[in-house]
Amino acid sequence: MNYNFDLNDQQRKAVYDVNGPVLVIAGAGSGKTRVLTARICHLVEIGVNPYNILAITFTNKAAGEMKSRIESALGMMTSMWISTFHSMCARILRYDCDRIGYDSNFTIYTELESERVVKRICPNVVGADVKKKGDYLWHISNAKTNAMSPEEYYYEINRDYTDAKIIYGVYSAYEKELQSSNAIDFDDLLLKTVELFEKNPDVLEKYQNRFEYVNVDEFQDTNTLQYKLIKLLSAKHGNVFVVGDEDQNIYSWRGAEIKNILGFPKDFEGAKVYKLEQNYRSATGILDAANNVIKNNVARNKKNLWSEHRDDNCIEYFEAYSDRDESSYVSRQINWLISLGREYRDIAVLVRANSLTRLFEEEFNLHGIPYKVFGGFRFFERKEIKDTLAYVRLALNPSDNDSLLRVINYPTRGIGAKSVEELKQVAHDNNMTMFSVLINPGFLNQNTAKKLSPFLDIAMDIIEQSKRLAPVEFMQYVIRRSGIENSLLLSKEKDDTNALENVFELVGAVENFIKDNPKATISDFMQSVALVSDTDEMDDDNYVTIATVHAVKGLEFDTVFVVGLEEGIFPVNRAIASGDIEEERRLMYVAITRAKRRLYATSARQRFRFGEVTYAPKSRFITEMQGGKVSVRATNSMYKGATTKYNFDVQKAIATAVYGKDNPKAHFNKNLVSNLSQQQKQKSNIDFSVYKQGAIVEHSKFGRGIIISTVGSGEDTTAAIAFKGLGVKRFSLAIAHQHLKIIEE
């Protein structure tokens, strides 16, 4: 073996304990991935066949990285299964789903497809309101996570929900629709695999014999079904190794059960427990703040993170006057950090809710700060991509009613709503799929059959070519034969030009997938798309990450801004109302521990949300962070009675940003200091007074505008500038002056 994982004593003990159940409680940044990887390599070293090892993670990206690390360490490719729960279950079901009544070409519905199905069936369920489709989907997912049929779930909620009967009706109709479409949703991937194992002991035994060693990462995030799968798979050999941290359990809203990790020693007799408390990621000040916050929780294993990276002055709290003031402050700090030699990729802005990202996006656009938003709209959720993939899904699974309805008249081919309704009704009345009706046109009105005939020809051609063409060629064929390429090409809409570029990018995505998986089919690609997560689309490009805290769990950044720290936002109102904020506190703990060298926490005295100005006190988590010996420098807004200005000495600024205030270990790049000193002198020579109300300016990007107001003075001046056709944009002149020119008229 050619690996050296440089393990500490506790890590080493956990890695070498290979028999029986083992729980590793791994604090944030304590090297749990290293431990899991080393454990698997050690198993191979002592003679375990990689074929008999299963490793489960929670994201495709983490699975890919683990596989790469293991194969690099072992110096060979392996037949080991390293995947997410959902990918593992999809793979198992492709092999054996016929045992529970499904064809192996089943379609995996994402949340968007599931929502379309519920929206479509609501009119057929007495009392169902399509506006409540989100509620119905939540109930369906909740029922499946707890392995309950529509009937079982109805009796569970009947006393608590007045519309329980309607929920039952929607759930039942939804299940019938998925079954007839040979489709399963995300929750079904887990539920149907458990069903397969419980109804077919021989299938379960096949996988138990294969997986002699079961290894699970992020164990605190497992739900009821995932926990059951682990117990079923490990029941024969008993070698189950789980790594997790209950302090990072932040997914109860999607079924994660903290009791799984807290109760592991009782559920698995003879289990050994190891704690990893040495942190290899963050400075001591950041860890002290994290420890101070999380110690207020009751449901946890006691532990205290520590680090050899000494820096007790690496946190700054900024209380902004308004949300705009907050976003402007973050922009200024980022530009300042970049001037010190940092990279944009080293910086993250973390929010509790997606609704908070808009002002930061606007501010970053104004000041040329590259960024990407995660936790929101993704490439594979774009309309043109979903439309194209719907044709592919239909080719692979003609029973898929949702895909058929999505593209039957896209691009427009003269098929009206009445024809589609007739097709749906005939299929419903005769218990047929819609595609079955299409290929048996005698069931339809003659005129309707004639209108639908051109679409049937396209569908039949695509189905036929899916069996003949290689994945990349097939995707190109679909784009042409469906008419999507021609429709977008001839369109005069600017958005359609971008849409066409995205569709062509889809071909590139298939090509890259095949390069990484030479033996893969178009079906394999479609499965990977269905299982993609938000963080899988993160890359190494140089941009600031704007994301929800949930989206960056497992990641780390040199500098982290945790923004919007007000009561009602973080923690959220519903947690405050219920009196149970332990999960919110765990979420704050996760946010803090994403930071390696520097942490900024910000709040605003007033914030414009949902159409009105709101006022809220700063979050309790700010106070909790400051407990004990943690040093948190407080900086006030420059508006409304501000007490602090930003005229820092350059060397002190560098020391503060990189090493912490007055840190004796601080070292300086003399050339950098010299350059920055020159920049500071140049900046101080700027006459900000010329940017006054009524002045005409020319912006290098937005063109000519007029200054309608200014706030602050000198380098702290913020100007509101009105541009024709663009509206009012606000700039920090310390950053934007280089893009602005005063026009004398």
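In β21, the bridge partner of V697 is I742. Strand β21 covers residues 740–743 and pairs with β17 in the antiparallel sense, over four bridges. Two strands count as paired if DSSP finds at least two bridges between them. Helices (H or I, at least four residues) and strands (E, at least two) are DSSP runs, numbered from the N terminus.

Strand β17 (residues 696–699) also pairs with β18 (residues 703–711), again antiparallel and over four bridges. Here I696 has I706 of β18 as its bridge partner. Three residues separate β17 from β18, and the two strands form a hairpin.

## Basis of the model

This is a predicted model: local features need pLDDT of at least 70, side-chain atom pairs count only at pLDDT 80 or more, and totals for chains, interfaces and linings use all residues. Residues are numbered from 1 along each chain as its sequence is written, and side-chain values use heavy atoms, with hydrogens and water left out.

## The six-stranded parallel sheet

Six strands form an open sheet with parallel pairing, in the order β3-β2-β6-β7-β1-β8. Its edge strands are β3 (81–84) and β8 (272–276), and each of them pairs on one side only. From one strand to the next, the twist averages 15°. Axes are lines fitted to C-alpha atoms, for helices over the stretch in contact; angles run from 0 to 180 degrees between N-to-C directions.

Within the sheet, β1 (residues 22–26) pairs with β7 (residues 239–244) in the parallel sense over four bridges. L23 has V242 of β7 as its bridge partner. Helix α1 (residues 9–16) packs on the sheet and touches β1, β7 and β8. Contact means heavy atoms within 4.5 Å. The direction of α1 makes about 150° with that of β8. Helix α3 (residues 60–74) lies across β2 (53–57) and β3, and runs at about 160° to β3.

Strand β10 (residues 347–351) is mostly covered, with five of its five residues buried. Buried means under 20% relative accessible area, exposed over 50%, and partly exposed in between (1.4 Å probe, protein chains only). I347, V349 and V351 point one way from β10. A348 and L350 point the other way.

β10 pairs in the parallel sense with β13 (residues 557–562), over four bridges. L350 stands opposite V562 in β13, and in β12 its bridge partner is A547.

## Nonpolar cores

The largest nonpolar core has 67 residues. Such a core is a set of buried Ala, Val, Leu, Ile, Met, Phe, Trp, Tyr and Cys residues joined through side-chain atoms within 4.5 Å. V330, I334, V349, F561, F570, M588 and L599 touch the most other members. Leaving aside neighbours within four places in sequence, L599 is in contact with I286, C314, I315, E316, V560, V562, I592 and M625. Another core lies apart, with 55 residues, among them L404, V426, L456 and I522. In soluble globular proteins, nonpolar side chains tend to be buried together.

## Helix α5

Helix α5 spans residues 111–121, and its buried residues are E113, S114, V117, V118, R120 and I121. Seen down the axis of α5, these fall within an arc of 165°, so they line one face of the helix. The arc is that of the directions from the helix axis to the C-beta atoms. E111 and K119, on the other side of α5, are exposed.

## Backbone exceptions

Most residues other than glycine have a negative phi, and most peptide bonds are trans. A cis bond joins Y410 and P411, with omega about -5°. P411 is found in the loop between α18 (401–407) and α19 (417–429). The bond from F570 to P571 is also cis, with omega near 10°. P571 lies in the loop between β13 and α26 (573–578).

Positive phi values occur too. Phi of A147 is near 55°. A147 sits in the loop between α6 (133–145) and α7 (150–157), and is partly exposed, with a relative accessible area of 33%. Phi of N182 is near 50°. N182 lies in the loop between α8 (164–180) and β5 (183–185). N182 is buried, with a relative accessible area of 6%.
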